[in-house]
Amino acid sequence: MNTKRLMLGNEALAYGLLKNGCQMACAYPGTPSSEILSAVVSLKKEMDLNIHAQWAVNEKVAFETAYAGAQAGLRTAVAMKQVGLNVAADPLMSSVYLGVKGGFIVISADDPGPHSSQTEQDSRLMAVMAKLPVLDPDSPGQAAELAGIAFELSEAFEIPVMLRPTTRVCHSRQSMDVKKIEMTLRQAAFEKNPGRWAATPKFRLQLHKELEAKLAKIADYEPTRPRLVSGTAAGTGQAIVVAGVAAANARDIIKEKNLDIPVYQVVQAFPLHKAFIDEMDAYDDILVLEETWGVVEMQLADKKRVKGKNTGFISPVGELLPENVEERICAFAGLDYQAPQITMLPGRRPTLCAGCPHRASFYAIKKVAPKGIFTSDIGCYTLGCNLGAVDTVTCMGAGISQAAGFTIAYTENEKQPPVFSTIGDSTFFHSGIPGLIETVTKKIPYVLVILDNRTTAMTGHQPTPASGRDAAGDPCIAVNIPDIVKGCGVNFIKTADPYDLPAFIDILKEAKAYCQENGPAVVIAEHPCLLDMDRAELKASFKKVVVNRDVCDGCGYCVSRFECPALSMDQETEQVRIDPGLCTGCAVCSFVCPKGALVLENQE
Amino acid sequence: MSNNQQIIISGLGGQGVLFITKLLAGAAMADNLPVLTSETHGMAQRGGNVISYLKIGDFSGPLIRPATADALIALKAESFAHHAYFLKPGGLAVVNSLDPVKDAGYRVFSGDAGALAEAAGNVRSENVAMLGFFLGAVKDETSAFNPDSLSRMIKEKFQAKPAVAANVLRLLTSGMQLYEKR
């Protein structure tokens, strides 16, 4: 079997991992990294590979699980987005000291832009802090190639290796040759050595010394040496150093402009090769193009001769687009640059889908506590801000602890605003539980609404621990959210379907009253994500709502307060209009119109 | 005629921008041309403006610079307004719109793909109708998108669902006819 395929960067990464003997892959979904593990699963099925692929409850658990496999001598990998690496920072820092036996790759996907993240942080800086080598691919093809090199590097020095793709690697597709993977499976063979694997601080000092010695050798490792990708190594005058997607963009532009400046591509962003640092010292003027921070730049010896992110020559903020690369190369090389005319229009804001159960939950919360403080979390439901029902979004799991923080902050005020916290089911499992326990012990008066749509929706419908299916879609043990909430010590737990809006509002009112005297009240809003539902099932539950033309006075309340994409104002009739192409028949809007103009068809 | 092609496909989240990008890419690959694409994932897919880039030929970087694209496929009139700046002067744009779209700087052709999709019984398939419209408009400019390679690929892709393949192919053809009749 040898086929040409249009491979997504994340699929190419998965292919690179498996082709090079990865036997365990763990991940927690997060854009732009999510498709890596899904691709591992589909390649495993397609090529009949006997390997383990797992969606973990969070990045820390994913990391530690995969790491143990590498301690036992297998080749393993863990994948996450850059802010996921914050969650896994603890095992990352420690595991680099302890090292590995089998090759271990930590994939942390960065998101310059940011397109779908809360920060533009550069994972390579995290690699500098943790002191592990990091490779920086420029394309899907190179991501697959570097997966092989990373495993070899990892085993040669018994050290975890980071692979850092960015959004434009993860979510680009490239035509690539794909061959059937034949795997020779290793047997796990954990060699006990408490002085290493369970090292006490005294031994850690020794491990740190050994780590520094490893890094010095890795800065001389042949396969990851910087590559001269254009021009000749003049050793004087100007040079351009490129890494990651900026390297791909720069190559196109250098070729188009016929530039005679030597261009070096760094694939191992840290540690930068010692010989390369010396070689660069011979040039008088060096441009460094990389994302998102100047990690390669800061390792060059004479900063006065370097132009990059850290010197302000390249903006430290936002994505380094090809037009920025062109403009900066022209400025560096003294060429004219004509900026094209661009008229940027304000884009459409993203919104919850028509029929999304979260919309009903948010509408109800806003109804019950119009002047409340609404702490929320990371997921589709962040878009509840469009309905005025999300005031804070910080990081995974933060909404619950922040709810506690707000109630405490207002203790001495004359009036205490009601505090409602919303969190998705996957995020609750990921990092909501410790915060919930904390608020029980402190008897914090707030309502927690767990938005349980039975999936990790935003990132592409990966299972949660409550789904009862694993990464491959096979049945597995499901844990029960109400049982967990009960186990945390909460005594008010009610589950309801937000589609039944009046009943749901009543439960929220009850929860609000309860929490004032008794501490946390938890309401579980249960309704599956429509994108994840069977089409026939959706069709069967469709309830047709129509506009009663005699009643609708065109006040626009439903359009602005309920914000369903299927509802809009008809300019001609000056009444509300339901788009049949978008309406999912949830019928929640029939409870929303204050005049009763949105009615179920047979009740008109 | 050049086979180095840079195409922008623009629409709203959920309209099937990725689907037609993959079809076009597949058609070019079937003719052994190197392909690079780049797409939007995550939050913007929830009803926001979605763009994908398709580059065929000798390229390293996946994105397209403003004022360099050969063509733009706009699945909404507003998508044209948003992303026309990617087109090179005189570049080709096809726009899904009931009303004619005009812009002196480019060669713009518009058609009501929505009506074709509705007539075919699936209002959500205007993306495929628009792809057919584009194939009609682009056929004299490049041989990178061979309609025969595309139909072969669609049949292969939906091997298990011949009815779906037939629907997709019918819509493609009616999109091409819509261009011819404009």
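Trainee: In which segment of chain A is Glu601(A) found?

Mentor: Glu601(A) is in the segment after strand S23 (598-600) of chain A. Strands here are DSSP E runs of at least two residues, helices are H or I runs of at least four, and both are numbered from the N terminus. Keep in mind that this is a predicted model: local features need pLDDT of at least 70, side-chain atom pairs count only at pLDDT 80 or more, and totals for chains, interfaces and linings use all residues. As for labels, residues are numbered from 1 along each chain as its sequence is written, while chains are lettered from A and ligands numbered from 1 in the order in which they are written.

Glu601(A) counts as exposed because it has 11 C-beta neighbours inside 10 Å. The cut-offs go like this: 20 or more other C-beta atoms within 10 Å is buried, 12 or fewer is exposed, anything in between is partly exposed, and the C-beta atoms are placed from the backbone. Leave out neighbours within four places in sequence, and Glu601(A) is in contact with Lys544(A) and Val546(A); contact is C-beta atoms, placed from the backbone, within 7 Å. For a sense of scale, Asp110(A) is 491 residues away in sequence, and the two C-alpha atoms are 49 Å apart in space.

Now for the sheets of chain A. One is open and mixed, with seven strands in the order S3-S2-S4-S5-S7-S6-S12; two strands pair if DSSP finds at least two bridges between them. At its edges sit strand S3 (52-55) and strand S12 (268-270) of chain A, each pairing on one side only. S2(A) and S3(A) run parallel over four bridges, and Met24(A) has His52(A) in S3(A) as its bridge partner. Met24(A) and Cys26(A) point one way from S2(A), Ala25(A) and Ala27(A) the other, and all of them are buried. Elsewhere in that sheet, strand S5 (residues 104-109) and strand S7 (residues 161-163) of chain A are parallel over three bridges, with Ile107(A) opposite Leu163(A). Helix H2 (residues 35-47) of chain A lies across strand S2 (24-27), S3, strand S4 (76-81) and S5 of chain A, at about 145° to S3(A). Such angles run from 0 to 180 degrees between N-to-C directions, using lines fitted to C-alpha atoms, for helices over the stretch in contact.

The other open sheet has five strands, S9-S11-S10-S13-S14 of chain A, again with mixed pairing. Strand S9 (227-230) and strand S14 (306-307) of chain A are at its edges with a single partner strand each, so one side of each has no neighbour in the sheet. Helix H11 (residues 245-257) of chain A packs on this sheet, touching S9, S10, strand S11 (263-265) and S13 of chain A, and its direction makes about 140° with that of S10(A).

Most residues other than glycine have a negative phi, and most peptide bonds are trans. Yet Phe270(A) and Pro271(A) are joined by a cis peptide bond, omega about -10°, and Pro271(A) is in the loop between S12 and helix H12 (274-280) of chain A. Glu291(A) and Thr292(A) are also joined by a cis bond, with omega about -5°. Lys131(A), not a glycine, has a positive phi near 65°; this residue is partly exposed, with 17 other C-beta atoms within 10 Å.

Helix H16 (residues 425-441) of chain A is kinked by about 70° at Gly432(A), shortly before the proline Pro434(A); that bend is the angle between axes fitted to the seven residues ending there and the seven starting there. Among the buried residues of H16(A) are Phe428(A), Phe429(A) and Leu436(A).

Last, the partner chain: 33 residues of chain B are in contact with 37 residues of chain A. By class, that side of chain B has 16 nonpolar, twelve polar and five charged residues, where Ala, Val, Leu, Ile, Met, Phe, Trp, Tyr, Cys and Pro are nonpolar, Asp, Glu, Lys and Arg are charged, and the others, Gly among them, are polar. Strand S8 (residues 172-179) of chain A pairs with S2(B) in the antiparallel sense over three bridges, and Ser172(A) stands opposite Ser38(B).

Definitions and conventions
Contact = placed C-beta atoms within 7 Å.
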